[in-house]
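Subject: Structure handover

Hello,

Here is the structure for you to take over. Please look through it alongside the notes below.

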Amino acid sequence: MTNDSASLETLLAQVRPGVRGIHPYEPGRPIEDVVRTLGLDPGTEIHKLASNENLLGPSPAAITAVRDAAAELHRYPDGGGTALLEALSGRLGIGPDHLALTHGSNEGIELLGHLFLTPGTNLVMGDPAFVVYRLVAALFDAEAIRVPLRDFTHDLKAMAAAVTDRTRLVFVANPNNPTGTRVGDEEIEALLDAVPDHVAAVLDEAYYEVMPMDNRPNSLRFVREGRPVIVLRTFSKGYGLAGLRIGYAVAPPPIVELFHRVRQPFNVNAAAQAGALAALNDTGFLDQTRVLVEQGRATLEAGFRQLGLPFVPSVANFILVRVGDGRALFERLQQRGFIVRPMDGYGMPDYVRVTVGTAPQNERFLTALEACLA
Ligand SMILES: *Cc1c(COP(=O)(O)O)cnc(C)c1O
């Protein structure tokens with residue numbers, strides 16, 4: 001080994017082919033970062049409506065639980081996540097052997113890659129849909145077969161038709177990110193009936209808790225029936241705990257057992273387990289969140305109509321809206337203290353995605369939007 005740059009070049013040439021093609025996930029910009037690069041006063045009020053976080057903040061019960069957990073941080077967490085799994089089991093009405101905790105649902109997606117993806121295999125996903133599916137395919141040198149949405153909604157018939165002998169996973173984000181649309185239980189059942197036995201369906205329900213009560217998927221039924229279905233949920237959105245990184249997978253016990261083989265022994269840290277358990281039991285906060293999202297969505301939609309901006313009706317806590325040059329509007333909104341998500345990276349340069357905020361934030365956002373469009 002020599003100590004010149006040539007030896008590093010040689011090493012870098014050994015990196016797995018799939019990894020070479022990956023562009024790192026582009027997260028919404030942190031508020032401090034925006035303040036700094038725009039040269040704004042450090043105290044300037046910035047509203048981040050770019051990452052579909054809960055704008056109510058975390059559940060107050062979760063804050064207290066995390067604070068209490070801090071006194072025990074010298075200890076390893078419960079690697080089995082016993083207390084949280086028991087509570088989830090009770091809440092969902094499914095045995096704890098059907099549940100695996102994950103470091104955010106992003107880890108659940110990656111663990112599925114560990115289990116099923118090898119070079120030459122593929123996964124099927126919508127286009128546009130959550131980009132992490134694509135990143136995980138690349139990570140395992142597998143292919144991502146992208147099936148165009150229809151009317152901004154997953155086209156499950158086309159996705160079933162795209163399945164090949166080499167397909168291992170079909171990902172359905174329900175509701176989808178970035179469009180906010182959902183598919184019905186009957187359509188999912190038809191997809192499950194249509195795909196061959198060597199394929200698992202992954203139902204990513206990151207927004208389940210913010211969906212209207214009477215319009216939520218009943219996908220746990222498929223898991224109870226023992227179908228090859230993995231439901232992914234998260235504490236990042238409705239529960240307001242994106243910073244803690246915790247989610248869970250619901251799947252038939254043999255698949256859960258495989259998750260435990262490939263996950264790290266302590267993949268979910270102690271603070272996350274404590275915070276999630278408290279948030280799970282804080283049903284008042286969840287109700288408040290759901291109402292905030294429903295009312296905020298109505299406010300934003302009415303505002304978009306008034307401004308003559310077409311939008312995609314959403315059942316999640318964000319809305320995709322057509323604004324002309326999305327990147328340019330993103331820049332202009334930033335100057336006024338609002339961060340939204342431009343969609344050029346998703347092949348939709350005319351759109352931005354806006355997270356539903358608090359009532360005052362939504363009103364002020366619409367005012368800023370009108371000024372930026374003028
Ligand atoms: C936000 C989001 C997630 C959540 O990921 P975490 O790792 O749990 O924070 C997963 N899937 C979709 C479609 C999302 O939009």
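This is a predicted model: local features need pLDDT of at least 70, side-chain atom pairs count only at pLDDT 80 or more; totals for chains, interfaces and linings use all residues.

Ligand site

The shell around the ligand consists of Gly104, Ser105, Asn106, Phe130, Asn177, Asp204, Ala206, Tyr207, Thr234, Ser236, Lys237 and Arg245. By type, these shell residues divide into three nonpolar, six polar and three charged. Helix H6, residues 104–116, supplies the largest share of the shell, with three residues.

For serine 105, a backbone N or O atom is 2.7 Å from an oxygen atom of the ligand. Serine 236 places a polar side-chain atom 2.7 Å from an oxygen atom of the ligand. With aspartate 204, a polar side-chain atom lies 2.7 Å from a nitrogen atom of the ligand. The ligand taken alone exposes 390 Å², and the protein buries 94% of that.

Strands E3, E4 and E5

Strand E3 spans residues 122–127, and five of its six residues are buried. E3 runs parallel to strand E4 (residues 143–148), to which six bridges join it. E3 also runs parallel to strand E5 (residues 167–173), here with three bridges. Together with helix H7 (residues 132–139), E3 and E4 make a β-α-β unit, which is right-handed.

How many of the six residues of strand E7 are buried? The count for E7 (residues 229–234) is six of six, so the strand is largely enclosed by the rest of the structure. Val229, Val231 and Arg233 point one way from E7, while Ile230, Leu232 and Thr234 point the other way, and all are buried. Thr234 is also one of the residues around the ligand.

E7 pairs with strand E6 (residues 200–204) in the parallel sense over four bridges, and valine 202 stands opposite isoleucine 230 there. Strand E8 (residues 247–250) is joined to E7 by four bridges as well, but these two strands run antiparallel. In that pairing, valine 231 is opposite valine 250. Aspartate 204, which contacts the ligand through its side chain, falls within the residue range of E6.

The open sheet

A further sheet is open and has four strands in the order E9-E10-E13-E12, with antiparallel pairing. Strand E9 (311–312) and strand E12 (341–342) are at its edges; each has a single partner strand, so one side of each is left without a neighbour in the sheet. Strands E10 (residues 318–322) and E13 (residues 351–355) run antiparallel and are joined by five bridges. Phenylalanine 318 stands opposite threonine 355 in E13.

Two single residues

Glutamine 273 sits in helix H12, residues 270–281. Is glutamine 273 buried or exposed? Its relative accessible area is 11%, so it counts as buried, the cut-off being under 20%. A polar atom of the side chain of glutamine 273 lies 2.9 Å from the backbone oxygen of aspartate 78.

Alanine 302 belongs to helix H13, residues 283–306. At 39% relative accessibility, alanine 302 is partly exposed. Alanine 302 and leucine 366 are 64 residues apart along the chain, and their C-alpha atoms are separated by 9.9 Å.

Regards

Definitions and conventions:
Residues are numbered from 1 along each chain as its sequence is written. Side-chain values use heavy atoms; hydrogens and water are left out. A residue is near a molecule or strand if one of its heavy atoms lies within 4 Å of it. A polar contact is a pair of N or O atoms within 3.5 Å; within protein, one must be able to donate a hydrogen and the other to accept it, and residues adjacent in sequence count only if both atoms are side-chain atoms. Accessible areas come from the Shrake-Rupley method with a 1.4 Å probe; for residues, only the protein chains shown count as cover. Ala, Val, Leu, Ile, Met, Phe, Trp, Tyr, Cys and Pro count as nonpolar, Asp, Glu, Lys and Arg as charged, and the others, Gly among them, as polar. Buried means under 20% relative accessible area, exposed over 50%, partly exposed in between (1.4 Å probe, protein chains only). Two strands pair if DSSP finds at least two bridges between them. A crossover is right-handed if, with the strands pointing away from the viewer, the path from the first strand over the helix to the second runs clockwise.
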